[in-house]
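Dear colleague,

Please find below the structure that I am handing over to you. My notes on it follow directly after.

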Amino acid sequence: MQAEFRAPRRRPRVYEEYEAPLPVSRSPDERSDFRAELISQHVLVCHPDHIQKIHNQGYFGKGILSRARPDHSISNQWEQHEGVMLPVISQSRYNELLKWAGATLSAQGLDEDSVNQTLLRISQPVDMEDVRRKVGGGEGENGGESGAEGGACPRTKRPLAESEVEQETNRGCRLETQHLSTEHDPDPSSDSDSDPGSVPDPLVPSPGFVLVFSGSGEVEVVKEVRRSPLSLTEYLQLSLEEAFFLVYSLGCLSVYLHQEPLSILQLWRKFRSLRPDFVSSYAAYQHFRSRGWVPKVGGGAKYGVDLMLYRKGPPFYHASYSVVIERADDEFKGSGPRLFSWRSLAALSRITSNVSKELMFCYIIYPADLSEAELDSPACLSRLKVQEVIVSRWVSSKERAEQDDI
């Protein structure tokens, strides 16, 4: 039976432009050198410029606080208040942020009285003249563009110095130092990322000011501008396959462990110790990447598969294939951890067809004479073969209709 290939389904609304995937330069001198940290079995990219380039040019990884693109904000709703665009949060949400800030201060060794005084100082209303003065003075972020549907938050980028990256990796959210200062008007101009020659209209302040509303229903809604207790810093999380592909195949990423860069061989052995099936999963990932697909490792979990294959990237097309990775030997006998029964295979095929995708089995074929010592080096990838098998559900009514046509 011949496989029936379907064209990828394009998304009806696309809000971004396609960028050429990495690497974009053929010159070794101009090749990008990104940095990632191996922390608690996860590969995290912490530098904001590296995050944007790695994700936009190939759609590698996902945000640790977002579903996909690393653009998490303190609020999804923004409002223009007296000429300044501010994120809008409820009083209960603001109180929750204050609790997080208090826990962070307590963890730093401050006593209860100092924590309470600091939180009380942070939660005081801020005069709009002070906000405009700081925004006009260059404190604002370059995020004046609103979302595609009018309700999204501006995208902010906060460049960090190389030494600051190490400190950022230890905490998921960082307490803004200017919020803890006893001075009412600190000067955070060193954290500016805006263009001094252009001022966005309307003005968007840096993360640090929020519009807090209280009251609902018959109670009059009161809106106050306050300082944000926390700045939620989002990082880009790479899967092990994505990280090794950027290191080994593209040569544009360096992965650090305890402030020391890992060599390709060290990284390969480390990932194999973290994931016993890493050799097969990476062989499949590299196979599809080399053919122009964008494989997403984590996206297949809700469909019971290992990979989802996208054309160009998730913002442009729906996934075309749900891929199950299986290890096989020369005689095509599987030795993977999953043993599919006819019932489980039929259920998986039914789920895949219900979400308008095709089910694909990707068999990684290991030679019989491939030793365990050879698997300890990425050079073994040249000896592996990849076989793709598309599984389609047989529909009796459709078969009868085709027979009648013949």
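The crossing of helix 7 and helix 9 is right-handed (a crossing is right-handed if the near helix is turned clockwise from the far one by less than a right angle, and left-handed if anticlockwise). Helices here are DSSP runs of H or I with at least four residues, and strands are runs of E with at least two, both numbered from the N terminus. Axes are lines fitted to C-alpha atoms, for helices over the stretch in contact, and angles run from 0 to 180 degrees between N-to-C directions.

On the helix 7 side, Leu240, Glu241, Glu242, Phe244, Phe245, Tyr248 and Ser249 meet Phe278, Ser281, Tyr282, Tyr285, Gln286 and Arg289 of helix 9, where contact means heavy atoms within 4.5 Å. By class, the residues of this contact comprise 7 nonpolar, 3 polar and 3 charged. Ala, Val, Leu, Ile, Met, Phe, Trp, Tyr, Cys and Pro count as nonpolar, Asp, Glu, Lys and Arg as charged, and the others, Gly among them, as polar.

The model is predicted: local features need pLDDT of at least 70 and side-chain atom pairs count only at pLDDT 80 or more, whereas totals for chains, interfaces and linings use all residues. Residues are numbered from 1 along each chain as its sequence is written, and side-chain values use heavy atoms, with hydrogens and water left out.

The protein chain as a whole has 11 helices and 17 strands. Of its 406 residues, 42% are buried (buried means under 20% relative accessible area, exposed over 50%, and partly exposed in between, with a 1.4 Å probe and protein chains only). The chain exposes about 22,500 Å², of which carbon and sulfur atoms supply 48%; accessible areas come from the Shrake-Rupley method with a 1.4 Å probe, and for residues only the protein chains shown count as cover. Among contacts with a separation of 6 or more, 69% join residues 24 or more positions apart.

The buried residues are Leu240, Glu241, Glu242, Ala243, Phe244, Phe245, Leu246 and Val247. Leu240 counts as buried because its relative accessibility is 8%. Beyond its neighbours within four places in sequence, Leu240 is in contact with Gln41, Val43, Phe271, Leu274, Arg275 and Phe278. Its C-alpha atom is separated by 9.6 Å from that of Trp268, 28 residues apart along the chain. Gly251, which follows helix 7, has a positive phi near 65 degrees.

Helix 8 (residues 264-274) has Leu267, Trp268, Phe271 and Arg272 as its buried residues. Seen down the helix axis, these fall within an arc of 135 degrees, so they line one face of helix 8; the arc is that of the directions from the helix axis to the C-beta atoms. They pack against strand 1 (34-39), strand 2 (42-45), helix 7, strand 11 (253-257) and helix 9.

Helix 1 (residues 48-56) is also largely enclosed by the rest of the structure, because 7 of its 9 residues are buried. These are Pro48, His50, Ile51, Gln52, Ile54, His55 and Asn56. The buried residues of helix 1 pack against strand 1, strand 2, strand 10 (236-238), helix 7 and strand 11. Gly58 follows helix 1 and has a positive phi near 125 degrees.

A further helix pair is formed by helix 2 (residues 91-107) and helix 3 (residues 112-122), which pack at an angle of about 145 degrees with their axes 10 Å apart. Their crossing is right-handed. Tyr94, Leu98, Ala101, Gly102, Leu105 and Ser106 of helix 2 make the contact with Val115, Thr118, Leu119 and Ile122 of helix 3. This contact has 7 nonpolar, 3 polar and no charged residues.

Two residues in the loop between strand 11 and strand 12 (260-261) may also be noted. His258 has a positive phi near 55 degrees, although it is a residue other than glycine, and at 68% relative accessibility it counts as exposed. Gln259, likewise not a glycine, has a positive phi of about 70 degrees and is partly exposed, with a relative accessible area of 46%.

With kind regards
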